[in-house]
Amino acid sequence: MGLYRAEVLWTRDGQDFLDNRYSRRHLLRFDGGVELAGSSSPLVVPLPWSDATAVDPEELFVAALASCHMLWFLSIAARRGFRVERYADAASGVMARDGSQRLAMTVVTLRPAVTFSDERRPTRDELLAMHHEAHEACFIANSVKTEVRCEPVGD
């Protein structure tokens, strides 16, 4: 359906490199001009070789799943006539050994809190059904073997 690109740029900047003591900070550039500072996670590569202020691949993975779910949810809610006022998700991911004993993001839990406005609001069952439909439609969730859980918060 489409081709998506991201540019990743890292330079040695005079660091020895061969001693494995080099900065993992790099630049992530996306179409449209957005640039983000990237790095390895300090949980994987210790400071100072990682940059805790930069986004790491694990965080991007969790954010991609949460963002995809949210975009589908908003579309479904609009189609069903529910006006969403606010959507917030405190998503998290767990890195652990998988069945093959390889490190993997084994579980990502989405915790969306959705606020609706207007008089027409979904029942709890309708809300859960919309989240289920969003999960089924999310092409990021459909692309990974990680267990993706959705635990809606509030009404």
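Visitor: What radius of gyration does the protein chain have, against a compact globule of 155 residues?

Guide: The radius of gyration is taken over C-alpha atoms, and the globule rule is 2.2 Å times the number of residues to the power 0.38. The model here is predicted. Its C-alpha atoms fill a box of roughly 65 × 40 × 30 Å along the principal axes. For 155 residues a compact globule would come out near 15 Å, but the protein chain has 19 Å.

Visitor: In what pattern do helices and strands follow along the protein chain?

Guide: The protein chain holds two helices and eight strands. Read along the sequence, their pattern is β-β-β-α-β-β-β-β-α-β.

Visitor: What span does α1 reach from its first C-alpha to its last?

Guide: The expected span is 1.5 Å times one less than the number of residues. With 23 residues, α1 is expected to span 33 Å. The model is close to that, since the distance from first C-alpha to last is 33 Å.

Visitor: Which elements do the buried residues of α1 pack against?

Guide: Buried residues of α1 include Val 62, Leu 65, Cys 68, His 69 and Ile 76. An α-helix has 3.6 residues a turn, so residues three or four places apart point the same way. The buried residues of α1 pack against β4, β5, β6, β7, α2 and β8.

Visitor: Which residue's backbone nitrogen does a side-chain oxygen of Asp 56 reach at the start of α1?

Guide: At the other end, α1 is followed by Gly 81, with a positive phi near 85 degrees. At the start of α1, a side-chain oxygen of Asp 56 comes within 3.1 Å of the backbone nitrogen of Glu 58.

Visitor: Is Asp 51 buried or exposed?

Guide: Asp 51 sits in the loop between β3 and α1. Its side chain makes a polar contact of 2.6 Å with the side chain of Thr 53. Beyond four places in sequence, Asp 51 touches Arg 25, Ser 39 and Ser 40. The relative accessible area of Asp 51 is 18%, so Asp 51 is buried.

Visitor: How many disulfides does a search of the whole structure find?

Guide: A disulfide needs two cysteine sulfur atoms within 2.5 Å. For Cys 150, the nearest cysteine sulfur is that of Cys 138, 11 Å away, and Cys 150 is in no disulfide. Over the whole structure, the number of disulfides found is zero.

Visitor: What relative accessibility does Cys 150 have?

Guide: Cys 68 is buried, with a relative accessible area of 5%. Cys 150, by contrast, counts as partly exposed, because its relative accessibility is 28%.

Definitions and conventions:
Residues numbered from 1 in each chain as written. Predicted model: local features only at pLDDT ≥ 70, side-chain atom pairs only at ≥ 80, totals over all residues. Heavy atoms only, no water. Buried < 20%, exposed > 50% of the residue type's maximum accessible area, 1.4 Å probe, protein only. Helix = DSSP H or I, 4+ residues; strand = E, 2+ residues; numbered from the N terminus. Polar contact = N/O pair within 3.5 Å; in protein donor to acceptor, adjacent residues only side chain to side chain. Contact = heavy atoms within 4.5 Å.
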